Every structure is written in structure tokens, then in C-alpha cells.
Amino acid sequence: MQDHTGHAHATHTPHHGGGHGTHAAHGAHAAHAAHGGARPGGLSVSENGYTLELDAPVLDAGRQPIRFRVIGPDGQPVTAFVPEHEKELHFIAVRRDTAGFQHVHPVKDEKGTWSTELDLEPGDWRFFADIHPAAHGGALTLGIDAAVAGAYAPMPLPPADRTARLGAYAVTLDGDLVPGEASALTLTVSRDGRPVTDLEPYLAAYGHLVALRVGDLGYLHVHPEGHPGDGVTAPGPEIAFMTVAPSPGTYRLFLDFRHEGTVRTAEFTVRTVNAGAGAPAAAHEGHHAHH
């Protein structure tokens, strides 16, 4: 099965118990997130001289091969990348109605062409490449549209719920998204009603989170707190993140975590709240299980 993760750009800051962290850690992440973190990525096919080029922007439905390149400022495919969370490139696919989320790690050939496979339903899709070209000063996210042929049956946005259920697993979301401010989000994993305390490291973290703004699929940079082996981060049941919502509105969150060898994706719909409001702000839908 495919290799999935919700990726984040950031250095890790330790926190206690895998959950809420110290005030110093939150302060550091707040400063980091506020510095450019409020600007969503992936809204442009080209940024800072780098352009995402897709072999086939029109695709058939079903499991399909995908090939693409990142073209650099010199007009040539980029072949050198700085690994982020153990991978040189994180590739995210989601339909425009936010259904069908997939996060995979393509393989690059010596000429700079990347290839992977995706499971595609008919409709309009957005593909994201999350990268750090070696010749560039930092990470960036490029986005490109693709059309999948067939009868399109758009799905309504999942309703608000703070618990996502995936078979025997439940993931509960604590925290709110406040527009323009760094927000702490804690996701707690349980199975059959019991806390999961033996989450497995997955791409240098106990969980990865992708956040997308509903309406334009702006890609938010999410910062995990702590990492396996730092001496303070527990392997569950809590996984903590810092993120910044760039504007009021509704966002989709996709959490990937690994337990007993399987990566599962919990999905939430989150509405922003005003500072200090603290209202219920999440929604469910977690049904993917990847081996």
C-alpha cells in the first residue's frame, strides 16, 4: 500500500507527555508559526522560480500512475532536494470537495522525474508538492490542478465533530483555530476506549498533520511538537501541533499516525473561532487504513 504522512515544515520543539508542551515550547512555535506561517502554500503552480509540471493534467479514474517534475529557475528539472521528515518530496492529492485525501512519497529518477500511483475518483483534483530544493533557502509548497474523467458526484463537507472514528480507533481533537494566531491542537488516540501509548515513529514524528482551507485548498504549514527519542515526547496517546489559520473560515485536517504497523488517517472539519471564544470546532470522518 502507499506510504502516507501529513507533513510539516519545522524544527521540532520538545514537549511533555506528547501532549500540551511547555509554555516556552509553545512560545517558540508561536514565533515560528507567526513568521510566514500564516500564508497558505500550494495556491500557485509556480513560486520563487520553481514550477510544478504534471505529465498528464487529464487522467482516468481508478488507480493511476502519476508523473511530474519540479522545474527550477534555470528551466531544468530539479534533482537535488533537502530531505524534510525523512523524504525529499511529500506529495498530497485531494479532490476539490476535500474527498479522497492521499499523501504519498513518489520516487525520483536521475533526470528529476517523479512517479507514483494514486487512487482517483472522477472530479477536479488538486495535487501538492511539498519540497525544499537544495538551491533554495527554504521549503515551499506548489499546487497544480488535475481533472479526472467520469461522472462526478461531489461529496458534502463532513459535519462538525471533535472525534474521528476509524474502526476500533478514535481520535479526539482539542484546541481551536484562531485566525492569524498560532494555535495549539492536541489529538488523542484511543483504541476500544483505551489510550494508545505505543504509537510508532512515522517519518520522524508520532503523527503528521495536513491542513487545507476549504474553498481554495490553501495548504497550511503545521508544526509538530517534539519528536521520538527526544527524551520528553511520549508515544501517545496525545500528539500535539502548532498551526496558524491565515483567515476566518473552515479548514480540513488530516492526521496520519502509525500503530501496529499500519498508518491510519483521521479527518476533521474545523471552523475558526474568535480569540478567546473556545467553541466546538471540529468534525470527523476518518475511514482510511493503509498498510
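The structure is a predicted model, and the chain in it has 291 residues, of which 53% are buried. Among contacts in the chain between residues at least 6 apart in sequence, 67% join residues that are at least 24 apart. The chain exposes about 11600 Å², and carbon and sulfur atoms supply 53% of that area.

**The sheet that contains S4 and S8**

- Five strands make up an open sheet in the order S1-S2-S4-S8-S7, and the pairing in this sheet is antiparallel.
- Strand S1 (46-47) and strand S7 (107-108) stand at the edges with a single partner strand each, so one side of each has no neighbour in the sheet.
- Strand S4, which covers residues 62-71, is joined to strand S8, which covers residues 113-120, by 8 bridges, and the two strands run antiparallel.
- Within this pairing, Pro65 stands opposite Glu117 in S8, while the bridge partner of Gln64 in S8 is Leu118.
- On the other pairing of S8, strands S7 and S8 are antiparallel over 2 bridges, and Val107 stands opposite Ser115 in S8.
- The hairpin of S7 and S8 has 4 residues between the strands, and Gly112 in this hairpin takes a positive phi near 95°.

**A closer look at Gln64**

- Gln64 lies in strand S4, and with a relative accessible area of 16% it is buried, because buried here means under 20% relative accessible area.
- The side chain of Gln64 reaches the backbone oxygen of Asp60 at 3.5 Å.
- When its neighbours within four places in sequence are left aside, Gln64 is in contact with Thr116, Glu117, Leu118 and Leu120, and Leu118 is also its bridge partner in S8.

**The sheet that contains S9**

- Another open sheet of 5 strands has the order S3-S10-S9-S5-S6, and its pairing is mixed.
- The edge strands of this sheet are strand S3 (58-59) and strand S6 (102-104), each of which pairs on one side only.
- Strand S9, residues 123-131, has 8 of its 9 residues buried, so this strand is largely enclosed by the rest of the structure.
- On one side, strand S5 (residues 89-95) pairs with S9 in the antiparallel sense over 7 bridges, and the bridge partner of Arg95 in S9 is Trp125.
- Strand S9 is also joined by 9 bridges to strand S10, residues 140-148, and these two strands run antiparallel; the bridge partner of Asp130 in S10 is Thr141.

**The nonpolar cores**

- In soluble globular proteins, nonpolar side chains tend to be buried together.
- The largest nonpolar core in this chain has 26 residues, and those that touch the most other members are Val171, Val189, Leu253, Leu255, Phe257 and Phe268.
- Several strands each supply at least two residues of this core, including strand S12 (169-174), strand S13 (182-191), strand S19 (250-259) and strand S20 (262-271).
- The largest share of this core, 4 residues, comes from S19.
- Apart from this core lies another core of 25 residues, among them Leu54, Phe68, Trp125 and Ile144.

**Residues in the part of the chain with the largest core**

- Leu255 is one of the residues that touch the most other members of the largest core.
- If neighbours within four places in sequence are left aside, the contacts of Leu255 are Val171, Leu187, Gly207, His208, Leu209, Ile239, Phe241, Arg264, Thr265 and Ala266.
- Leu173 lies in strand S12 and counts as buried, at 1% relative accessibility.
- Although Leu173 and Thr188 are 15 residues apart along the chain, their C-alpha atoms are separated by 6.7 Å.

Technical notes. Residues are numbered from 1 along each chain as its sequence is written. This is a predicted model: local features need pLDDT of at least 70, side-chain atom pairs count only at pLDDT 80 or more; totals for chains, interfaces and linings use all residues. Side-chain values use heavy atoms; hydrogens and water are left out. A nonpolar core is a set of buried Ala, Val, Leu, Ile, Met, Phe, Trp, Tyr and Cys residues joined through side-chain atoms within 4.5 Å. Buried means under 20% relative accessible area, exposed over 50%, partly exposed in between (1.4 Å probe, protein chains only). Contact means heavy atoms within 4.5 Å. Accessible areas come from the Shrake-Rupley method with a 1.4 Å probe; for residues, only the protein chains shown count as cover. Two strands pair if DSSP finds at least two bridges between them. A polar contact is a pair of N or O atoms within 3.5 Å; within protein, one must be able to donate a hydrogen and the other to accept it, and residues adjacent in sequence count only if both atoms are side-chain atoms.
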